[in-house]
Amino acid sequence: MKSNRLMRWLAIVGQVIIFVLPLMGYAQNNTLPPNIIYIYADDLGYGDISPYGQKRIKTPYLDQMAKEGMQFTNHYTSTPVCAPARCMLLTGKHGGHSYIRGNYEMGGFPDSLEGGQMPLPEGTYTLAKMLKKAGYATGLIGKWGLGMHNTTGSPLKQGFDYYFGYLDQKQAHNYYPSHLWENDQYVKLGNPDIFVHRSVDSLKADDTDFDYFKGNSYAPGLMTDKALRFIERSKERRFFLYLPYTIPHVSLQAPDEYVNQYKDRFNDQPYYGQHGYAATKYPRATYAALISYLDAQVGLILQKLKELGLDERTIVMFSSDNGTAFNGGVDYTFFDSTAGLRGLKMDVFEGGIKEPFLVRWPGKIKPNSKTDHVSAQYDLMATIADLIGEDAGNTDGISFLPTLLGKEKKQKQHKFLYFEYPEKGGQLAIRKGDWKAIKLNMKGNRKAKWMLFNLGEDPRETNDLAQQHAELLHEFDRIVAREHQPAHILDWEIVDNKLQNEKR
């Protein structure tokens, strides 16, 4: 009997030791994995915020993030458009391996036809699933774009404990929607019916025509409210909050108090909806207002962390899904939204894929630091896996955690970044060191020729050096042959697999 009691007592002590010792180690080394907040802007250009050179738009809280954290100057989205960028961010795959590679639309614009985009399949290993396995509370608040509530793509089936926002990207064209979604439930809002793709008559338009595009409940504000509540109720445990705001994606709709800060400063001329999306009396002022509004939401998140004593226990990241938009009244030239880079949203030139990226973690990341480490959003899975001690699975990414912690000598480098984008004619891009190779219009010509640029000498991609470096082009062909996996739908297949196999 005494022997049995002793064995039970030793077993209990053993379990306590197994549980407590790692925690003691974490406390001793001050390396307990932090809370994680990832804020994702929508169609924000590389030069749209002041840490990256913006002169006309005020972003004091993003300025604060840059001063208190690290600014990346060579960070890329995984692909230059919404849904696939989000898929690659959350799965750690580049465009040659990702399940979702384009904006495959389902349904239509009316509520009755809401169908979302192609859903993530069952069994996808996502960032949220990895973090949930590690004991994190997981929340998504914002724009999803990876499947409706009644599909395998529901956020609840892809690792999130809680979600609120837009499921269908088409619905997100309206900042005053009729409804949003919360945990697979339809949440009706008190907004009038607004069809944002209705243009107005430029010869007869008055204030009432522009006021048609205003509502009562502003979706980004609702998202911030939900985000603050999620942080509040998760404060006693580790949490991951993915915050993909819709700002500054058109339509140009912003609260009057923010528009009024800018409406007399830019010599604005009305936009009547002639190029799609909502008409607005002050398009430049409204674009600036959207970005300042987003900045203010970042400020509210940072303030909440300080109020709850979570500041030093939380890493906050901020980036964008792709480059600046080109329609809906956006005047990217006036704001120099690309910071002089070539290309826009839907382009694999630098202006379409190079993104702002700020990371703040007080006490861990050196304040006011910058890095030129070449990284991509498909690195996030590997980075967070490294941060929390989990397995990232079969990822194309490389952890940039050493860079964040100032351990540059331990930082692994990409041999290349790979971009494959089947829309806008079909495009490829590969960055290898300072060299960047691009192919365009591949759907019409699978044998399209490479363009080649030296980003170190020519960051605006104006001087094509392809004819002078045939040996590099052969290397890029071999990379495509290795990295391209056939897409699961014909619409996304842009590489001639037979020709590529011959080059292996």
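**Entry 1: the largest pocket**

I began with the lining of the largest pocket and sorted it by class: 9 residues are nonpolar, 4 polar and 6 charged. I keep in mind throughout that this is a predicted model. The space in this pocket comes to about 310 Å³. Helix 5 gives the most, with 3 residues.

**Entry 2: helix 6 against helix 8**

I turned to the helix pairs, starting with helix 6 (residues 219-233) and helix 8 (residues 283-307). Their axes lie 10 Å apart, and the packing angle is about 15°. I therefore wrote the two down as roughly parallel, the cut-off for that term being an angle under 35 degrees. For handedness, I noted a right-handed crossing of helix 6 and helix 8.

Then I went through the contact residues. On the helix 6 side I listed Pro 220, Gly 221, Thr 224, Ala 227, Leu 228, Ile 231 and Glu 232. Facing them from helix 8 are Tyr 293, Gln 297, Leu 300, Ile 301, Lys 304 and Leu 305. By class, this contact divides into 8 nonpolar, 3 polar and 2 charged residues.

**Entry 3: helix 2 against helix 8**

Helix 8 came up again, this time with helix 2 (residues 60-68) as its partner. How do the axes of these two helices cross? I noted an angle of roughly 55°, with the axes coming within 7 Å. Helix 2 and helix 8 are therefore oblique to each other.

From helix 2, the contact takes in Pro 60, Tyr 61, Leu 62, Gln 64, Met 65 and Glu 68. These meet Asp 295, Ala 296, Val 298, Gly 299, Leu 302 and Lys 306 in helix 8. My class tally for the contact of helix 2 with helix 8 reads 7 nonpolar, 2 polar and 3 charged.

**Entry 4: cis peptide bonds**

I moved on to the backbone and looked at omega. The bond from Ile 247 to Pro 248 is cis, and its omega is near 0°. I placed Pro 248 in strand 10 (residues 239-248). A cis bond also joins Val 250 to Ser 251, here with omega near 20°. Where does Ser 251 lie? I traced Ser 251 to the loop between strand 10 and helix 7.

**Entry 5: positive phi**

I found Asp 184 in the loop between strand 8 (179-182) and strand 9 (185-188). Asn 267 also has a positive phi, near 50°. Asn 267 belongs to the loop that runs between helix 7 and helix 8.

Conventions. Residues are numbered from 1 along each chain as its sequence is written. This is a predicted model: local features need pLDDT of at least 70, side-chain atom pairs count only at pLDDT 80 or more; totals for chains, interfaces and linings use all residues. Side-chain values use heavy atoms; hydrogens and water are left out. Axes are lines fitted to C-alpha atoms, for helices over the stretch in contact, and angles run from 0 to 180 degrees between N-to-C directions. Helices (H or I, at least four residues) and strands (E, at least two) are DSSP runs, numbered from the N terminus. Angles under 35 degrees count as roughly parallel, over 145 as roughly antiparallel, 65 to 115 as roughly perpendicular and the rest as oblique. A crossing is left-handed if the near helix is turned anticlockwise from the far one by less than a right angle, and right-handed if clockwise. Contact means heavy atoms within 4.5 Å. Ala, Val, Leu, Ile, Met, Phe, Trp, Tyr, Cys and Pro count as nonpolar, Asp, Glu, Lys and Arg as charged, and the others, Gly among them, as polar. On a 1 Å grid over the protein atoms alone, a cavity is a set of points where a 1.4 Å probe fits but cannot get out, and a pocket is an open set with protein on both sides within 12 Å along at least five of seven lines; lining residues have an atom within 4 Å of a point. Grid points are joined across faces, edges and corners, and a volume is the space filled by probe spheres set on the points.
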